[in-house]
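Here is a briefing on one chain. Look over the sequence and the model before reading on.

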Amino acid sequence: MTTTTEDRPAHGRSVRELIAELAGTEDDLREARADASLAHRSGVVRRQARIVRELRRRSPGPR
């Protein structure tokens, strides 16, 4: 069984991996919009929010 970055919790990945996954979610979101799949779109948006929260948590500067 292989483990993808999506299988690991956000706090267990590097910032680079999180940014790459965030970029990948944009493609997923475009697909969901094209398919008009509300459930898929909601899942992608929640995943994006988790990634952004983790990136902000790691940010050394003021928010």
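Arg41 counts as partly exposed because its relative accessibility is 29%; buried means under 20% relative accessible area, exposed over 50%, and partly exposed in between (1.4 Å probe, protein chains only). The residue lies in helix 2. The model is predicted: local features need pLDDT of at least 70, side-chain atom pairs count only at pLDDT 80 or more, and totals for chains, interfaces and linings use all residues. Residues are numbered from 1 along each chain as its sequence is written, and side-chain values use heavy atoms, with hydrogens and water left out.

**Around Arg41**

- Arg41 touches Leu29, Ala32, Arg33 and Ala36, leaving aside residues up to four places away in sequence. Contact means heavy atoms within 4.5 Å.
- Arg30 is 11 residues from Arg41 in sequence, and their C-alpha atoms are 8.7 Å apart in space.

**Overall make-up and confidence**

- The chain has two helices and zero strands. Both types of element are DSSP runs numbered from the N terminus: helices are H or I with at least four residues, strands are E with at least two.
- The chain has 63 residues, of which 21% count as buried.
- Among contacts with a separation of 6 or more, 49% join residues 24 or more positions apart.
- Mean pLDDT for the chain is 81, and 81% of its residues reach 70 or more. This score is the predictor's confidence in each residue, from 0 to 100.
- Residues 1-5 stay under 50 in pLDDT, and the model gives them five contacts beyond four places in sequence.
- Where pLDDT is low, the predicted coordinates should not be read in detail.

**Helix 1 (residues 15-35)**

- Helix 1 has 21 residues and reaches 30 Å from its first C-alpha to its last, close to the 30 Å expected at 1.5 Å a residue. The expected span is 1.5 Å times one less than the number of residues.
- Leu18, Glu21, Thr25, Leu29 and Ala32 are the buried residues of helix 1. They lie on the same side of helix 1, because they cover an arc of only 100° around the axis. The arc is that of the directions from the helix axis to the C-beta atoms.
- These buried residues of helix 1 pack against helix 2.
- Arg16, Ala20 and Ala34 are exposed on the other side of helix 1.
- Ala36 follows helix 1 and has a positive phi, near 60°.

**Helix 2 (residues 38-58)**

- The 21 residues of helix 2 should span 30 Å at 1.5 Å a residue, and the end C-alpha atoms agree at 30 Å apart.
- Buried in helix 2 are Val44, Arg47, Gln48, Ile51, Glu54 and Leu55. Their arc around the axis is only 125°, so they sit on the same side of helix 2.
- Helix 1 is included in what covers the buried residues of helix 2.
- The face of helix 2 turned away from its buried side carries exposed Leu38, Ala39, Arg46, Arg53, Arg56 and Arg57.

**Salt bridges**

- The count is six salt bridges. Each is a side-chain nitrogen of Lys or Arg within 4 Å of a carboxyl oxygen of Asp or Glu.
- Asp27 and Arg30 form one of them, at 2.7 Å from N to O. They are three residues apart in helix 1, so about one helical turn separates them. Asp27 is partly exposed, at 45% relative accessibility.
- Arg47 and Asp28 form another, with their closest N and O atoms 2.9 Å apart. This pair links distant parts of the chain, with Arg47 in helix 2 and Asp28 in helix 1, 19 residues apart. Arg47 is buried, with a relative accessible area of 15%, whereas Asp28 is partly exposed at 21% relative accessibility.
- Glu54 and Arg58 also meet in a salt bridge, at 2.8 Å from N to O. Glu54 is buried at 9% relative accessibility, and Arg58 is partly exposed at 25%. The two are four residues apart in helix 2, so about one helical turn separates them.
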